[in-house]
Amino acid sequence: MRQLLQFMSKKSKINVTNASSSSLHLNLFSRRLHAPTSQSPSFGIAFDIDGVLLRGDSPIGGSPQALKRLYYDSATYSISSLKIPYVFLTNGGGVPESKRAEELGKQLGVNILPLQVIQGHTPFRELVKRYENDLIVAAGKGEPANVMSEYGFKNVLSLDEYASCFENIDPLAQYKKWTKMRAVDRQMALTTDPCSQRVRAVFIVSDPVDWSRDIQVLCDILRTGGLPGREIAHQPPIYFANDDLAYQALFPAERLGMGAFRIALESIFNRIHPNNMEYTSFGKPSPFVFKNAENVLTQVLQSAYNNVQAGGETPPLKSLYMIGDNPSVDVKGARQAGHPWFSILTRTGVFKGKENHAEYPADVVVDCVEEAVDYILRKECIS
(Lines give C-alpha, C1' and ligand atoms only; values in the text may rest on other atoms or scores of the structure.)
Protein backbone atom coordinates (compact mmCIF):
# COMPACT_ATOMS: atom_id res chain seq x y z
CA MET A 1 0.00 0.00 0.00
CA ARG A 2 2.84 2.39 0.86
CA GLN A 3 4.29 1.94 -2.67
CA LEU A 4 0.91 2.61 -4.25
CA LEU A 5 0.49 5.82 -2.25
CA GLN A 6 3.98 6.98 -3.22
CA PHE A 7 3.19 6.37 -6.91
CA MET A 8 -0.10 8.23 -6.60
CA SER A 9 1.55 11.18 -4.84
CA LYS A 10 4.20 11.47 -7.54
CA LYS A 11 1.56 11.85 -10.22
CA SER A 12 -0.85 14.09 -8.27
CA LYS A 13 1.71 16.11 -6.25
CA ILE A 14 0.17 15.00 -2.90
CA ASN A 15 2.44 14.74 0.13
CA VAL A 16 2.10 11.10 1.23
CA THR A 17 3.64 11.64 4.66
CA ASN A 18 1.13 14.30 5.61
CA ALA A 19 -1.88 13.23 3.58
CA SER A 20 -1.73 9.43 3.16
CA SER A 21 -5.15 8.73 4.61
CA SER A 22 -6.95 11.63 2.95
CA SER A 23 -5.45 10.95 -0.50
CA LEU A 24 -6.45 7.30 -0.34
CA HIS A 25 -10.01 8.15 0.64
CA LEU A 26 -10.15 10.80 -2.07
CA ASN A 27 -9.07 8.34 -4.79
CA LEU A 28 -11.47 5.65 -3.61
CA PHE A 29 -14.31 8.20 -3.42
CA SER A 30 -13.44 9.43 -6.90
CA ARG A 31 -13.52 5.88 -8.29
CA ARG A 32 -16.92 5.26 -6.75
CA LEU A 33 -18.22 8.47 -8.34
CA HIS A 34 -17.09 7.34 -11.78
CA ALA A 35 -18.09 3.69 -11.45
CA PRO A 36 -21.69 2.41 -11.11
CA THR A 37 -20.50 0.20 -8.26
CA SER A 38 -17.25 -0.37 -6.40
CA GLN A 39 -17.01 -3.89 -7.82
CA SER A 40 -13.81 -4.56 -9.75
CA PRO A 41 -13.96 -5.83 -13.36
CA SER A 42 -13.90 -9.54 -14.10
CA PHE A 43 -11.64 -9.35 -17.16
CA GLY A 44 -8.23 -8.12 -18.24
CA ILE A 45 -6.40 -7.33 -21.48
CA ALA A 46 -2.92 -8.21 -22.75
CA PHE A 47 -1.61 -6.07 -25.61
CA ASP A 48 1.17 -7.00 -27.98
CA ILE A 49 3.21 -3.88 -28.83
CA ASP A 50 4.93 -3.95 -32.24
CA GLY A 51 2.36 -4.16 -35.01
CA VAL A 52 -0.56 -3.57 -32.62
CA LEU A 53 0.12 -0.40 -30.62
CA LEU A 54 3.25 0.90 -32.34
CA ARG A 55 5.15 0.72 -35.59
CA GLY A 56 8.65 1.82 -34.76
CA ASP A 57 8.10 4.65 -32.28
CA SER A 58 4.78 5.82 -33.74
CA PRO A 59 1.33 4.84 -32.40
CA ILE A 60 -0.93 2.99 -34.84
CA GLY A 61 -4.53 1.86 -34.97
CA GLY A 62 -5.80 4.53 -32.59
CA SER A 63 -3.77 3.00 -29.75
CA PRO A 64 -3.61 6.07 -27.46
CA GLN A 65 -7.37 6.52 -27.62
CA ALA A 66 -7.92 2.80 -27.09
CA LEU A 67 -5.81 2.71 -23.91
CA LYS A 68 -7.42 5.84 -22.48
CA ARG A 69 -10.80 4.12 -22.64
CA LEU A 70 -9.53 1.72 -19.98
CA TYR A 71 -9.43 4.53 -17.38
CA TYR A 72 -12.07 6.51 -15.54
CA ASP A 73 -12.19 10.16 -16.58
CA SER A 74 -8.82 11.49 -15.52
CA ALA A 75 -6.19 14.01 -16.45
CA THR A 76 -3.39 11.71 -15.31
CA TYR A 77 -4.33 8.28 -16.67
CA SER A 78 -2.52 6.62 -13.77
CA ILE A 79 -3.05 3.46 -11.73
CA SER A 80 -5.35 5.35 -9.35
CA SER A 81 -7.86 5.92 -12.18
CA LEU A 82 -7.49 2.58 -13.95
CA LYS A 83 -10.83 0.99 -14.78
CA ILE A 84 -9.76 -2.15 -16.65
CA PRO A 85 -6.48 -3.99 -15.82
CA TYR A 86 -4.13 -4.42 -18.75
CA VAL A 87 -0.53 -5.42 -19.46
CA PHE A 88 1.84 -5.27 -22.40
CA LEU A 89 2.80 -8.81 -23.40
CA THR A 90 5.61 -8.60 -25.93
CA ASN A 91 8.43 -10.82 -27.13
CA GLY A 92 10.51 -7.71 -27.67
CA GLY A 93 12.93 -6.26 -25.17
CA GLY A 94 16.52 -5.16 -24.73
CA VAL A 95 15.90 -2.58 -21.99
CA PRO A 96 14.71 -2.89 -18.37
CA GLU A 97 10.95 -2.99 -17.81
CA SER A 98 11.12 0.34 -15.95
CA LYS A 99 12.68 2.08 -18.96
CA ARG A 100 10.23 0.46 -21.41
CA ALA A 101 7.30 1.53 -19.22
CA GLU A 102 8.50 5.13 -19.30
CA GLU A 103 8.99 5.04 -23.08
CA LEU A 104 5.56 3.52 -23.69
CA GLY A 105 3.94 6.08 -21.42
CA LYS A 106 5.35 8.94 -23.49
CA GLN A 107 4.40 7.29 -26.78
CA LEU A 108 0.85 6.34 -25.77
CA GLY A 109 -0.10 9.19 -23.43
CA VAL A 110 -0.79 7.16 -20.26
CA ASN A 111 1.16 6.44 -17.08
CA ILE A 112 2.42 2.85 -17.06
CA LEU A 113 3.89 0.83 -14.21
CA PRO A 114 6.94 -1.40 -14.83
CA LEU A 115 4.73 -4.20 -13.47
CA GLN A 116 2.53 -3.84 -16.56
CA VAL A 117 5.41 -4.52 -18.98
CA ILE A 118 6.10 -8.22 -19.64
CA GLN A 119 8.94 -8.60 -22.14
CA GLY A 120 10.39 -11.72 -23.71
CA HIS A 121 13.28 -11.74 -21.25
CA THR A 122 11.18 -10.99 -18.13
CA PRO A 123 11.13 -14.73 -17.17
CA PHE A 124 14.95 -14.62 -16.90
CA ARG A 125 14.33 -13.21 -13.42
CA GLU A 126 13.37 -16.70 -12.30
CA LEU A 127 16.92 -17.93 -13.02
CA VAL A 128 18.75 -15.49 -10.75
CA LYS A 129 19.21 -17.96 -7.88
CA ARG A 130 20.77 -20.49 -10.26
CA TYR A 131 23.36 -18.13 -11.78
CA GLU A 132 23.45 -15.17 -9.37
CA ASN A 133 27.24 -15.15 -8.84
CA ASP A 134 28.35 -17.03 -11.97
CA LEU A 135 29.83 -15.38 -15.05
CA ILE A 136 27.08 -15.09 -17.65
CA VAL A 137 27.04 -13.48 -21.10
CA ALA A 138 24.05 -11.44 -22.30
CA ALA A 139 23.60 -10.85 -26.03
CA GLY A 140 21.39 -8.60 -28.13
CA LYS A 141 20.58 -5.01 -29.04
CA GLY A 142 19.89 -2.35 -26.44
CA GLU A 143 21.15 -2.89 -22.89
CA PRO A 144 21.32 -6.68 -22.38
CA ALA A 145 23.86 -6.61 -19.52
CA ASN A 146 21.97 -3.83 -17.74
CA VAL A 147 18.74 -5.82 -18.02
CA MET A 148 20.32 -8.87 -16.40
CA SER A 149 22.02 -6.79 -13.70
CA GLU A 150 18.68 -5.24 -12.74
CA TYR A 151 17.24 -8.74 -12.39
CA GLY A 152 19.93 -9.51 -9.81
CA PHE A 153 22.71 -11.26 -11.77
CA LYS A 154 25.96 -10.04 -10.22
CA ASN A 155 28.59 -11.16 -12.76
CA VAL A 156 27.29 -10.38 -16.23
CA LEU A 157 28.97 -9.11 -19.40
CA SER A 158 27.38 -8.13 -22.68
CA LEU A 159 28.61 -10.07 -25.69
CA ASP A 160 30.25 -6.85 -26.92
CA GLU A 161 32.24 -6.57 -23.68
CA TYR A 162 33.07 -10.27 -23.59
CA ALA A 163 34.26 -10.46 -27.21
CA SER A 164 36.48 -7.38 -26.78
CA CYS A 165 38.57 -9.28 -24.22
CA PHE A 166 39.70 -11.93 -26.74
CA GLU A 167 42.11 -10.70 -29.38
CA ASN A 168 41.20 -11.79 -32.91
CA ILE A 169 38.13 -13.76 -31.79
CA ASP A 170 36.18 -12.01 -34.57
CA PRO A 171 38.15 -12.37 -37.81
CA LEU A 172 36.00 -9.68 -39.47
CA ALA A 173 36.39 -7.04 -36.76
CA GLN A 174 38.73 -4.92 -38.90
CA TYR A 175 35.84 -4.33 -41.29
CA LYS A 176 33.34 -3.32 -38.57
CA LYS A 177 33.89 0.25 -37.45
CA TRP A 178 30.76 0.14 -35.28
CA THR A 179 32.28 -2.45 -32.91
CA LYS A 180 34.96 -0.12 -31.53
CA MET A 181 34.46 0.10 -27.75
CA ARG A 182 35.27 2.92 -25.37
CA ALA A 183 38.24 2.36 -23.07
CA VAL A 184 36.00 2.47 -19.99
CA ASP A 185 33.90 -0.38 -21.39
CA ARG A 186 36.96 -2.51 -22.09
CA GLN A 187 38.34 -1.85 -18.62
CA MET A 188 35.05 -2.89 -17.03
CA ALA A 189 35.11 -6.10 -19.04
CA LEU A 190 38.69 -6.88 -18.14
CA THR A 191 38.10 -6.58 -14.39
CA THR A 192 36.17 -9.87 -14.49
CA ASP A 193 39.06 -11.75 -16.16
CA PRO A 194 36.71 -13.56 -18.58
CA CYS A 195 39.58 -15.23 -20.44
CA SER A 196 40.16 -17.63 -17.55
CA GLN A 197 36.68 -17.69 -15.98
CA ARG A 198 34.18 -20.19 -17.32
CA VAL A 199 30.92 -18.83 -18.74
CA ARG A 200 28.16 -20.72 -16.94
CA ALA A 201 25.23 -19.60 -19.10
CA VAL A 202 24.35 -17.46 -22.11
CA PHE A 203 21.20 -15.33 -22.38
CA ILE A 204 19.97 -13.97 -25.71
CA VAL A 205 18.09 -11.00 -24.30
CA SER A 206 17.09 -9.31 -27.56
CA ASP A 207 17.72 -9.55 -31.30
CA PRO A 208 21.49 -9.71 -31.99
CA VAL A 209 22.93 -6.96 -34.17
CA ASP A 210 26.15 -8.53 -35.50
CA TRP A 211 25.11 -12.06 -36.46
CA SER A 212 28.51 -13.14 -37.84
CA ARG A 213 30.44 -12.06 -34.72
CA ASP A 214 27.79 -13.33 -32.32
CA ILE A 215 27.49 -16.76 -33.95
CA GLN A 216 31.28 -17.10 -33.96
CA VAL A 217 31.71 -16.14 -30.29
CA LEU A 218 28.69 -18.12 -29.10
CA CYS A 219 29.96 -21.25 -30.88
CA ASP A 220 33.30 -20.70 -29.12
CA ILE A 221 31.58 -20.44 -25.74
CA LEU A 222 29.20 -23.34 -26.27
CA ARG A 223 31.72 -25.78 -27.78
CA THR A 224 34.34 -25.33 -25.06
CA GLY A 225 32.15 -25.38 -21.98
CA GLY A 226 32.49 -21.62 -21.54
CA LEU A 227 36.24 -21.20 -22.17
CA PRO A 228 36.82 -19.99 -25.77
CA GLY A 229 40.04 -21.24 -27.33
CA ARG A 230 40.21 -24.32 -25.12
CA GLU A 231 39.33 -27.97 -25.73
CA ILE A 232 35.83 -29.17 -26.60
CA ALA A 233 33.72 -29.62 -23.46
CA HIS A 234 30.11 -29.93 -22.30
CA GLN A 235 27.87 -27.14 -23.60
CA PRO A 236 26.71 -24.56 -21.03
CA PRO A 237 23.00 -23.63 -21.10
CA ILE A 238 21.75 -21.02 -23.56
CA TYR A 239 18.43 -19.23 -23.10
CA PHE A 240 16.48 -17.28 -25.73
CA ALA A 241 14.00 -14.57 -24.76
CA ASN A 242 11.72 -15.63 -27.62
CA ASP A 243 11.65 -17.75 -30.74
CA ASP A 244 9.94 -15.36 -33.17
CA LEU A 245 10.87 -16.18 -36.75
CA ALA A 246 9.70 -12.76 -37.95
CA TYR A 247 8.15 -9.54 -36.70
CA GLN A 248 6.69 -6.34 -38.14
CA ALA A 249 8.96 -3.29 -38.09
CA LEU A 250 8.98 -0.07 -40.16
CA PHE A 251 9.82 -1.87 -43.42
CA PRO A 252 6.66 -3.08 -45.23
CA ALA A 253 7.78 -6.73 -45.25
CA GLU A 254 8.42 -8.70 -42.05
CA ARG A 255 11.93 -8.71 -40.59
CA LEU A 256 13.82 -11.77 -39.34
CA GLY A 257 13.64 -12.14 -35.56
CA MET A 258 15.40 -13.97 -32.75
CA GLY A 259 13.99 -17.31 -33.90
CA ALA A 260 15.81 -16.91 -37.21
CA PHE A 261 19.04 -16.16 -35.35
CA ARG A 262 18.51 -19.25 -33.19
CA ILE A 263 18.05 -21.41 -36.31
CA ALA A 264 21.26 -20.03 -37.85
CA LEU A 265 23.27 -20.56 -34.65
CA GLU A 266 21.87 -24.04 -34.09
CA SER A 267 22.50 -25.13 -37.69
CA ILE A 268 26.13 -24.06 -37.59
CA PHE A 269 26.77 -25.43 -34.08
CA ASN A 270 25.31 -28.82 -35.00
CA ARG A 271 27.67 -29.05 -37.98
CA ILE A 272 30.83 -28.36 -35.97
CA HIS A 273 30.04 -30.07 -32.65
CA PRO A 274 29.49 -33.79 -31.87
CA ASN A 275 26.21 -33.11 -30.05
CA ASN A 276 23.25 -30.98 -31.09
CA MET A 277 22.77 -27.63 -29.42
CA GLU A 278 20.53 -27.68 -26.37
CA TYR A 279 18.57 -24.50 -25.67
CA THR A 280 15.54 -23.09 -23.85
CA SER A 281 13.18 -20.52 -25.39
CA PHE A 282 10.80 -18.25 -23.51
CA GLY A 283 8.30 -15.73 -24.82
CA LYS A 284 4.99 -16.23 -26.57
CA PRO A 285 3.47 -18.69 -27.47
CA SER A 286 4.68 -20.52 -24.35
CA PRO A 287 1.77 -21.33 -21.98
CA PHE A 288 4.07 -20.34 -19.10
CA VAL A 289 4.16 -16.77 -20.42
CA PHE A 290 0.37 -16.56 -20.57
CA LYS A 291 0.00 -17.99 -17.08
CA ASN A 292 2.47 -15.40 -15.82
CA ALA A 293 0.52 -12.65 -17.62
CA GLU A 294 -2.63 -13.83 -15.85
CA ASN A 295 -0.89 -13.49 -12.48
CA VAL A 296 0.42 -10.03 -13.37
CA LEU A 297 -3.03 -8.87 -14.50
CA THR A 298 -4.37 -9.92 -11.11
CA GLN A 299 -1.62 -7.88 -9.42
CA VAL A 300 -2.49 -4.84 -11.56
CA LEU A 301 -6.15 -5.26 -10.65
CA GLN A 302 -5.30 -5.46 -6.96
CA SER A 303 -3.15 -2.32 -7.20
CA ALA A 304 -5.91 -0.37 -8.93
CA TYR A 305 -8.78 -1.56 -6.72
CA ASN A 306 -7.01 -2.05 -3.40
CA ASN A 307 -9.44 -1.85 -0.45
CA VAL A 308 -12.40 -1.04 -2.72
CA GLN A 309 -13.76 -4.56 -2.43
CA ALA A 310 -15.21 -5.67 0.86
CA GLY A 311 -12.47 -7.45 2.78
CA GLY A 312 -9.81 -6.09 0.41
CA GLU A 313 -9.95 -9.17 -1.88
CA THR A 314 -10.40 -9.29 -5.64
CA PRO A 315 -12.15 -12.20 -7.38
CA PRO A 316 -10.32 -14.13 -10.13
CA LEU A 317 -10.50 -12.77 -13.65
CA LYS A 318 -13.08 -14.66 -15.69
CA SER A 319 -11.96 -13.49 -19.14
CA LEU A 320 -8.50 -12.61 -20.49
CA TYR A 321 -8.11 -11.01 -23.91
CA MET A 322 -4.93 -11.27 -25.99
CA ILE A 323 -4.74 -8.59 -28.72
CA GLY A 324 -1.96 -9.38 -31.19
CA ASP A 325 -0.91 -9.21 -34.83
CA ASN A 326 0.99 -12.51 -35.17
CA PRO A 327 -1.16 -15.66 -35.51
CA SER A 328 1.71 -18.09 -34.83
CA VAL A 329 2.69 -16.26 -31.63
CA ASP A 330 -0.22 -14.30 -30.15
CA VAL A 331 -3.16 -16.38 -31.31
CA LYS A 332 -1.41 -19.74 -30.97
CA GLY A 333 -0.29 -18.82 -27.47
CA ALA A 334 -3.76 -17.79 -26.34
CA ARG A 335 -5.27 -20.94 -27.84
CA GLN A 336 -2.71 -23.17 -26.13
CA ALA A 337 -3.23 -21.40 -22.82
CA GLY A 338 -6.94 -22.18 -23.07
CA HIS A 339 -9.69 -20.81 -20.85
CA PRO A 340 -10.08 -17.98 -19.92
CA TRP A 341 -7.96 -16.62 -22.80
CA PHE A 342 -9.72 -15.12 -25.83
CA SER A 343 -7.70 -14.12 -28.92
CA ILE A 344 -8.20 -11.00 -31.04
CA LEU A 345 -6.13 -10.60 -34.21
CA THR A 346 -5.44 -7.18 -35.77
CA ARG A 347 -4.51 -6.43 -39.37
CA THR A 348 -1.94 -3.75 -38.53
CA GLY A 349 1.16 -5.93 -38.24
CA VAL A 350 2.30 -9.38 -39.34
CA PHE A 351 -1.25 -10.47 -40.22
CA LYS A 352 -2.85 -8.59 -43.12
CA GLY A 353 -5.39 -11.12 -44.41
CA LYS A 354 -9.01 -10.36 -45.21
CA GLU A 355 -10.27 -13.51 -43.55
CA ASN A 356 -9.12 -15.32 -40.42
CA HIS A 357 -5.76 -17.10 -40.32
CA ALA A 358 -6.06 -20.65 -41.65
CA GLU A 359 -3.68 -22.46 -39.28
CA TYR A 360 -4.15 -20.39 -36.12
CA PRO A 361 -7.59 -18.78 -36.37
CA ALA A 362 -8.36 -16.10 -33.79
CA ASP A 363 -11.63 -15.84 -31.92
CA VAL A 364 -12.14 -12.43 -33.54
CA VAL A 365 -10.36 -10.54 -36.34
CA VAL A 366 -10.43 -6.72 -36.40
CA ASP A 367 -8.74 -3.97 -38.36
CA CYS A 368 -6.97 -2.25 -35.47
CA VAL A 369 -6.47 -2.14 -31.69
CA GLU A 370 -9.07 0.59 -31.19
CA GLU A 371 -11.66 -1.68 -32.79
CA ALA A 372 -10.46 -4.55 -30.58
CA VAL A 373 -10.93 -2.54 -27.38
CA ASP A 374 -14.33 -1.37 -28.55
CA TYR A 375 -15.34 -5.00 -29.14
CA ILE A 376 -14.16 -6.05 -25.67
CA LEU A 377 -15.95 -3.24 -23.85
CA ARG A 378 -19.20 -3.92 -25.74
CA LYS A 379 -18.89 -7.64 -25.03
CA GLU A 380 -18.32 -6.96 -21.33
CA CYS A 381 -21.09 -4.31 -21.24
CA ILE A 382 -18.67 -1.57 -20.16
CA SER A 383 -19.39 1.99 -21.27
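Biologist: What makes the largest nonpolar core a core, and which residues have the most contacts inside it?

Modeller: A nonpolar core is a set of buried Ala, Val, Leu, Ile, Met, Phe, Trp, Tyr and Cys residues joined through side-chain atoms within 4.5 Å. Buried means under 20% relative accessible area, exposed over 50%, partly exposed in between (1.4 Å probe, protein chains only). The largest such set has 54 residues. Ile45, Phe47, Leu70, Tyr86, Phe88, Ile323 and Ile344 have the most contacts inside it. Helix α11 (residues 287-304) gives the most to this core, with eight residues. A second, separate core holds 44 residues, including Tyr151 and Phe166.

Biologist: What does the model rest on?

Modeller: This is a predicted model: local features need pLDDT of at least 70, side-chain atom pairs count only at pLDDT 80 or more, and totals for chains, interfaces and linings use all residues. Residues are numbered from 1 along each chain as its sequence is written, and side-chain values use heavy atoms, with hydrogens and water left out.

Biologist: How do you know what confidence the chain has?

Modeller: pLDDT is the predictor's confidence in each residue, from 0 to 100. Its mean over the chain is 87, and 84% of residues reach 70 or more. Over residues 1-37, pLDDT stays under 50.

Biologist: Which residues does Leu70 touch?

Modeller: Contact means heavy atoms within 4.5 Å. Beyond residues up to four places away in sequence, Leu70 touches several, among them Ile45, Phe47, Tyr86, Val373 and Leu377.

Biologist: What makes β1 and β4 partners?

Modeller: Strands (E, at least two residues) and helices (H or I, at least four) are DSSP runs, numbered from the N terminus. Two strands pair if DSSP finds at least two bridges between them. β1 (residues 43-47) and β4 (residues 86-89) have three bridges, and they run parallel. Three meets the requirement, so they count as paired. Ile45 has Tyr86 as its bridge partner in β4. Ala46 has Val87.

Biologist: How many bridges link β4 and β5?

Modeller: Two, in the parallel sense. Phe88 has Val117 as its bridge partner in β5.

Biologist: Where do these strands sit in the sheet, and which stand at the edges?

Modeller: The sheet is open, with six parallel strands in the order β5-β4-β1-β13-β14-β15. β5 (117-118) and β15 (364-366) are the edges: each has a single partner strand, so one side of each lacks a neighbour in the sheet.

Biologist: Which way do the side chains of β4 point?

Modeller: Tyr86 and Phe88 point one way, Val87 and Leu89 the other. All four are buried. In a regular strand the side chains alternate between the two faces of the sheet.

Biologist: How do you know what span to expect of helix α10?

Modeller: The expected span is 1.5 Å times one less than the number of residues. α10 (residues 258-272) has 15 residues. It reaches 21 Å from first C-alpha to last, close to the 21 Å expected. Its buried residues include Phe261, Leu265 and Phe269. The buried residues pack against β8 (201-204), α9 (211-223), β9 (238-240) and β11 (255-256).

Biologist: Why is Cys165 called buried?

Modeller: Its relative accessible area is 11%, under the cut-off, so Cys165 counts as buried. Cys219 is buried too, at 4%.
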